[in-house]
Amino acid sequence: MRNLSRREFLRLCGATGAALGLTHAIKPEILQAFAGPAGGQPPIVWLQGGSCSGCSVSLLNGVQPEIGKVLTEVISLQFHQTLMAAAGEPAMEILPAVKKQYAGQYYLVVEGSVSTGEKAMYSTLGERDGKPVSFVEWVKTMAAGAKAVIAVGTCATYGGIPAAGSNPAGSKAVSDVISGVPLINVPGCPIHPDRVLGTLVHAIKYGMPELDHLKRPTVFFGKCVHDLCERRQMFDEGKFATRLSEPGCLYKLGCKGPMAYNDCPTRKYNNNTSWCVGANAPCIACVEPGFPDHTSPFFERMPEYGPAGTPSPQPRQGKIIGGDK
Amino acid sequence: MRKIVIDPVTRLEGHLKVEVMADKGKVVSAEAAGTMYRGFESILAGRDPRDAVYITQRICGVCPVSHATAAAFALDDAFGVQVPANGRIIRNLILGGNFLQSHIIHFYNLSLPDYVQFPAIPPFTHHYTGDYRLNKETNERLVGNYFKALEIRRKCHEMVALFGGKMPHQVAIIAGGTSMTAQKEKIDAYRKLLAEIAQFVEKEYAEDTRLLANAYSDYFQVGKGPANFLSYGVFPLDDHGRDKLFGAGVHIGGKAADMDIAKVTEDAAHSWYDKASDGTPGKTGTNAQYGKAGAYTWVKAPRYGGEVCEVGPLARMWISGRYTSGVSAMDRIVARTLEAALITKALGKWLDELEPGAPCEAAVEIPYAASGIGLVEAPRGALGHWVTIRNQRIERYQAVVPTTWNCSPRDAGGTPGALEQALIGLPVPDADNPLSVVRTVHSFDPCLACAVHVITPGRPVGEFKL
């Protein structure tokens with residue numbers, strides 16, 4: 001089994017398509033990458049707050065190695081509400097035990113926004129002395145002893161849907177409530193399993209990956225959807241669809257590809273099956289901090305930022321949809 | 001008397017706490033509580049109505065397609081559009097594929113750890129101990145199929161993504177039909193995956209259900225609940241939605257009747273919402289009031305003509321006359337398996353009915369003022385969306401979801417919800433290891449993220465036509 005250099009690993013992360021997909025290509029690598037304290041497997045704690053669980057469901061759509069192997073043989077998934085056999089008190093006893101036993105060695109994954117509404121009691125998990133414990137308290141407690149924190153999904157990374165509009169539950173991003181521990185943001189609504197597993201492998205084997213100004217790994221979020229899109233030529237030639245089910249670029253029907261930075265057009269979803277534009281639907285820039293308020297209406301043409309009269313193909317989104325976070 | 005608190009009940013979507021009082025080894029009272037809320041309807045106010053299809057999917061990542069479908073139905077209704085046949089069928093293919101995904105993940109990955117002993121490694125450690133009674137051979141078979149099911153449910157999502165673009169949170173269901181057309185290569189690829197999934201359902205899922213039901217046959221005697229059922233119906237078989245694969249109806253006090261949506265009300269007497277939250281969906285103005293006296297949950301209490309109803313596969317199978325053997329924790333599991341088998345057969349027929357090249361979407365125009373209702377079934381039960389549009393924007397939006405029916409709290413009259421009733425009388429031989437409680441809870445396949453999203457902005461309410 002060959003030991004990949006960081007450069008080779010990053011090249012594999014960037015490669016896409018069924019034959020070259022990240023997890024496929026690094027299968028032997030992924031299995032030996034993890035040399036951690038829990039029986040050789042790095043301990044992972046996965047907390048779910050203001051989420052729809054879509055990111056967890058999407059993680060289960062990972063392929064090669066089969067996700068069942070990842071969950072039981074590659075990582076040591078100490079806590080994950082949707083998957084763990086334990087319930088109630090025995091389940092909640094795991095968290096302080098991991099924090100103590102694997103201090104500074106476990107990775108904390110947070111899915112969902114962190115609700116701070118009505119003294120943070122809008123979202124609770126378990127009880128202490130007969131009183132509910134707020135989710136934000138668990139995030140802070142577990143982040144404090146973690147080697148790194150990975151916020152997965154747009155709710156955890158930037159507030160996402162729960163923080164939209166009037167933000168009724170006082171929902172916040174993970175970055176708003178923790179400090180003093182390395183943080184990586186892996187946005188998406190939902191996350192792509194490759195991007196989460198690739199980020200985890202990098203963090204464990206090579207340390208912190210290169211991040212952009214929004215703390216996203218550049219290997220997955222460095223390119224503009226509009227540049228990678230299979231319909232880009234139609235845009236350049238001015239062939240625009242007037243109905244979603246017609247052929248043509250979807251720019252005039254609301255596609256937000258020009259403001260979205262990720263590799264969806266090449267990586268695709270569900271084992272390389274398809275993606276939004278592949279199903280004749282506009283990109284809604286779900287990986288961006290402005291999602292959904294500043295990337296909607298989803299079916300209306302985005303504002304133009306280029307020279308008068310020309311659509312702007314690649315404005316850096318940070319400048320146009322709400323600034324840096 | 002002994003109080004048993006399970007917080008969180010794991011292996012379900014969202015955050016659920018269950019508290020029961022047990023006396024002489026039997027449950028005498030029960031409370032089910034949703035412990036997280038986000039406030040979806042308020043997030044929807046003021047938006048382009050078409051966006052509701054995408055936004056409401058984010059209520060639940062396990063059954064997003066059901067929310068997309070309910071939202072699309074509500075908008076079709078409000079916009080007054082007729083969806084072309086291909087659009088109707090592609091919607092069914094997207095929704096049906098996710099029903100299979102949901103039923104399979106529920107049986108194998110969410111339920112089985114209550115009955116099967118897994119290797120003592122994370123994430124299977126620290127579980128309740130005691131009543132695991134499968135023989136070695138059956139136990140091994142089910143552990144093996146737990147992992148096989150992860151692969152099969154992934155393929156269900158790949159099947160959905162062929163037409164839906166991606167899963168979770170597909171993109172092809174839109175107001176007026178679907179963006180995705182009936183392309184021959186997609187139909188062929190769907191058919192190929194369906195064949196593999198159908199074989200798993202017939203050969204493994206059905207047999208595994210039988211093995212579980214035989215080993216734990218006493219679960220046919222417990223977890224009954226109200227034995228009232230409600231279904232809005234799902235999978236339209238004609239372009240006017242008159243005939244559905246699983247029909248709409250109610251079964252109250254032993255009598256079958258047509259479903260009358262005007263009889264659906266919501267009650268917030270024991271929920272953390274203010275008084276204005278009671279009433280007819282679409283008319284209520286819900287405001288959070290955490291810590292309200294007597295309240296214990298973020299879930300409201302929907303009632304049908306004042307009656308508590310169970311929703312889900314058993315309700316659908318009962319109302320359509322396909323399964324009426326009994327009402328219990330195990331009957332729910334069996335009905336779910338039966339439904340999965342029926343859906344695999346229907347999906348193949350729908351593929352045959354697609355006409356490549358024919359239209360799949362109708363042109364839509366957003367009206368200045370309109371209202372609409374979208375009624376559908378999620379894998380775990382009846383789902384309704386209510387929308388009111390003013391000045392071409394969403395004025396009000398409300399969703400009444402399956403788990404508000406099943407995990408509802410007591411209503412103003414003190415009548416417990418369906419799950420709460422199902423728990424009362426349940427034997428709990430070992431209060432430290434309340435396996436019978438989690439088994440009964442899981443039989444309902446709760447989805448709490450759906451149930452606790454509800455809040456509407458406190459703004460003037462226009463007349464709402466049902």
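**View 1. Chain A of this predicted model is divided into two domains.** Domain 1 covers residues 6–221 and domain 2 covers residues 223–314. Where they meet, 20 residues of domain 1 of chain A are in contact with 15 residues of domain 2 of chain A. On the domain 1 side of this contact, α10 (153–158) and α12 (218–221) of chain A are the elements that give two or more residues. Sorted by class, that side has 10 nonpolar, 9 polar and 1 charged residues.

**View 2. Here chain B meets chain A.** Let's move on to the contact between the chains, which takes 69 residues from chain A and 67 residues from chain B. On the chain B side, four elements each supply at least two residues: β1 (2–9), α1 (40–44), α2 (52–57) and α5 (136–164). Of these, α5(B) gives the most, with 10 residues. The side of chain B that touches chain A is made up of 37 nonpolar, 16 polar and 14 charged residues.

**View 3. Chain B is built from 12 helices and 15 strands.** With a radius of gyration of 21 Å, close to the 23 Å that the globule rule gives for 466 residues, chain B is as compact as a globular protein of that length. Its C-alpha trace spans about 60 × 55 × 40 Å along the principal axes of chain B.

**View 4. A look inside chain B shows its buried residues.** Of the 466 residues in chain B, 62% are buried. If you count the contacts in chain B between residues at least 6 apart in sequence, 74% of them join residues at least 24 apart.

Conventions
Residues are numbered from 1 along each chain as its sequence is written. Chains are lettered from A and ligands numbered from 1 in the order in which they are written. This is a predicted model: local features need pLDDT of at least 70, side-chain atom pairs count only at pLDDT 80 or more; totals for chains, interfaces and linings use all residues. Two residues are in contact if their C-beta atoms, placed from the backbone, lie within 7 Å. Ala, Val, Leu, Ile, Met, Phe, Trp, Tyr, Cys and Pro count as nonpolar, Asp, Glu, Lys and Arg as charged, and the others, Gly among them, as polar. Domain bounds come from an automatic or database domain assignment. The radius of gyration is taken over C-alpha atoms; the globule rule is 2.2 Å times the number of residues to the power 0.38. A residue is buried if 20 or more other C-beta atoms lie within 10 Å of its own, exposed if 12 or fewer, and partly exposed in between; C-beta atoms are placed from the backbone.
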